[in-house]
Amino acid sequence: MNVRSNSRVLEGRTYGAGVLTARAPVAAQALPEWLGALKSSALGTFEAAGFPSPRDEAWRFTDISDIVSGPFVPQEVARSPVSSGALAAARRLLAERLQDLDETARLVFVDGAFQAALSRFSPKRDDVVACSIDQALSRHPQRVRAALGSDPHDGFQALNTVLFQSGAFVHLAGPRPAEGAGRPVIHLVHVATERAVPLAFHPRTLVVADPGTSSLVIETYLGADGARYLVNGLSQVTVGAGAHVAHVVLQEESRAGYHLQALEIRLDAGARFSSHSVALGGHRSRLDIAATLEQDGAEVALQGVYVARGRRQMDHHTVVTHVGRHTSSRQVYRGVLDDRATAVFDGMIHVAPGAQKTDARQSVRNLLLSGDAVVHAQPRLEINADDVQCAHGATIGQLDPEALFYLQSRGVGQEEARRLLVQGFAGESIQTLPHPPLRRLVEHRIRSLLEAHEGETS
Amino acid sequence: MLTIRDLHVSVQDKPILKGVDLEIDAGQVHAIMGPNGSGKSTLAQVLAGHGGYQVTRGDILLDGRSILEVSPEERARAGIFLSFQYPVEIPGVANSYFLKTALNAVRRGRGEEELDSIAFLALAREKLDVVGMDPRFLSRAVNEGFSGGEKKRNEIFQMALLEPRLAILDETDSGLDIDALKAVANGINALRSPDRAFILITHYQRLLDYVVPDKVYVLANGRIVRSGGRELAQELEKRGYGWLEAAA
Ligand SMILES: Nc1ncnc2c1ncn2[C@@H]1O[C@H](COP(=O)(O)OP(=O)(O)OP(=O)(O)O)[C@@H](O)[C@H]1O
Ligand SMILES: [Mg+2]
């Protein structure tokens, strides 16, 4: 990475400059000593690594110049509490976008700050802990410390470690939920409202699933129309032996919002993890998923569906590393692109020496509705074991005119027929979503997104 | 009801139909037979409004009005239905959702009230019965993974649901076992009425034993080279098309 260009960034009146002043809030917070040390070390990492440069292979297609030189100011929960106006706006947005999803717990964060009044826990059950990181720090500091892990190496992730002030801590305690209690559904909702100053949020999400547990964790990101902000999130999921975690990111940031998120997964023996990314909003959005299958028999399934219109860009970057034996990974991504939108899919499957009987599959299909939309799809394989099965494929296609005619010949209007076909295409991926209320919500959101006339130019 | 006048149709500048005339009145059943590649499906697709064919001469009139400029969906709403020779698979779209959308579009076109999910389901079950289909087909994706015969039954099921005035059945009887053939014939006969008309495109006499045509045409090389009553079908079954093509 280029240190010179980076120091230039840090010297300017830029987001980088905001980062430098980050030492102050870090020091101002009453943090445990170990956390202060972790943040300082992460700041060192960030200063050394800096923001990714376009010469970085993994960032080649993601233009972050708006973020680096942008006006985003790190949000300081303590100094600028969320106004009652912002809270009212958040309430409206929640009422409009999120019906009851029959959750075990819903934690709501507005402009980065946890809102107990908007959150709910029902019914109370003792196999689930879901609270803000601040609360967890006072109640279970050692668990938080273990879940945070060590200093990450990527610039944005290091920045999250330096600057995160809140976030969610979820602990699924095993092995069995109480009689009659189903798989817990934990919903973490982040709402960004329109502020005079564009803010940068660094939400941290920690999920710890004890051996044998089964759970669904949903992260939803909503932005109010017109809100301009940056989300730089880092989510870390630890799946214990034989446990199963289904994880969903529902990204509906505002049209001017930037969403960067990294998702790190650690899997024990026989653990299963499934990820579902639903990207529908944001001006620029990017999800980086890194899953390491270190122990024998671990399984991951990563799926995603993205619908990009206007001039949006949506990125998915996955790195799946097979280390243990008999591990398997499945990746299925479906993208719909219209107008002048761009999508990037970069999927790396890495099979380490000794990872025998690895079974890795990846499929990416993009549907282009406009000649001006662009897709960069890069499936990559790196195999260092001999007894493995790996398959990948990427396709880019248009709507099938014969299917369109078939629907029209039954009386379905052309617009509606196109929408049906697009929904059908995306539907193959939506069908894999866990939890029927969530599936219905996503179907509904995608339908209204496709029905909306996109009058936007940015 | 339908008048086809001197119809010339090309695909990518290649002439396929070279002057077809046909007139069918309400209440009638006409059968079109003819060798492979003679243009039968082309005629059917053009009647339904497929945009991939160019009408270079002639006209198609429904109730005396040209429909050449009318979109496929408007034709469907006006009561034209095509049972496809090769029904299209549409992954991810549930049969029931598709059919409810289609039925309500057609009902709006007829000035009827739309059906809600419950009323739709009741009607769909009733029509499934007519063609002997399992209700499970409603929740499956349109034609996806259906066997050849199931696809054909699904076409007739859709016809039963949409209740068209003019149904064009392109080889709906091909590849069917005896029971399925009876189910298809059943679907057609259940719909027959003095204000509906059918065009049956077929290679076999068999279907015509169940659904007796008023008139039989032979299409060869883009033209109707022979027409007659139902006995023409029997003759073709015996003699093939060679004698007609030689004459044409
Ligand atoms: N899209 C197309 N592109 C090129 N040629 C076409 C196309 N559609 C039809 N044709 C040609 O037009 C001719 C007539 O085809 P059509 O499908 O109408 O025949 P058919 O009478 O239905 O035959 P069959 O009995 O085999 O179903 C054939 O030679 C076919 O190859
Ligand atoms: Mg044909």
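## Chain B as a whole

Of the 248 residues of chain B, 54% count as buried, a label that requires under 20% relative accessible area with a 1.4 Å probe and protein chains only. The model is predicted, with local features needing pLDDT of at least 70 and side-chain atom pairs pLDDT 80 or more, while totals for chains, interfaces and linings use all residues. Residues are numbered from 1 along each chain as its sequence is written, chains are lettered from A and ligands numbered from 1 in the order in which they are written, and side-chain values use heavy atoms, leaving out hydrogens and water.

Chain B contains nine helices and twelve strands, taken as DSSP runs (H or I, at least four residues; E, at least two) numbered from the N terminus. Its C-alpha trace spans about 55 × 40 × 35 Å along the principal axes.

## Surroundings of ligand 1

Ligand 1 is surrounded by 15 residues, each with a heavy atom within 4 Å of it; the closest are Gly37(B), Lys40(B), Ser41(B), Thr42(B) and His203(B). Strand E2 (14–24) and helix H1 (40–48) of chain B each supply at least two residues of this shell, and H1(B) gives the largest share, three residues.

## Polar contacts and burial

Among the polar contacts (pairs of N or O atoms within 3.5 Å), an oxygen atom of ligand 1 lies 3.0 Å from a polar backbone atom of Gly39(B). A polar side-chain atom of His203(B) is 3.0 Å from an oxygen atom of ligand 1. The protein buries 65% of the 630 Å² that ligand 1 exposes when taken alone, with accessible areas computed by the Shrake-Rupley method and a 1.4 Å probe.

Definitions and conventions:
A polar contact is a pair of N or O atoms within 3.5 Å; within protein, one must be able to donate a hydrogen and the other to accept it, and residues adjacent in sequence count only if both atoms are side-chain atoms. Buried means under 20% relative accessible area, exposed over 50%, partly exposed in between (1.4 Å probe, protein chains only).
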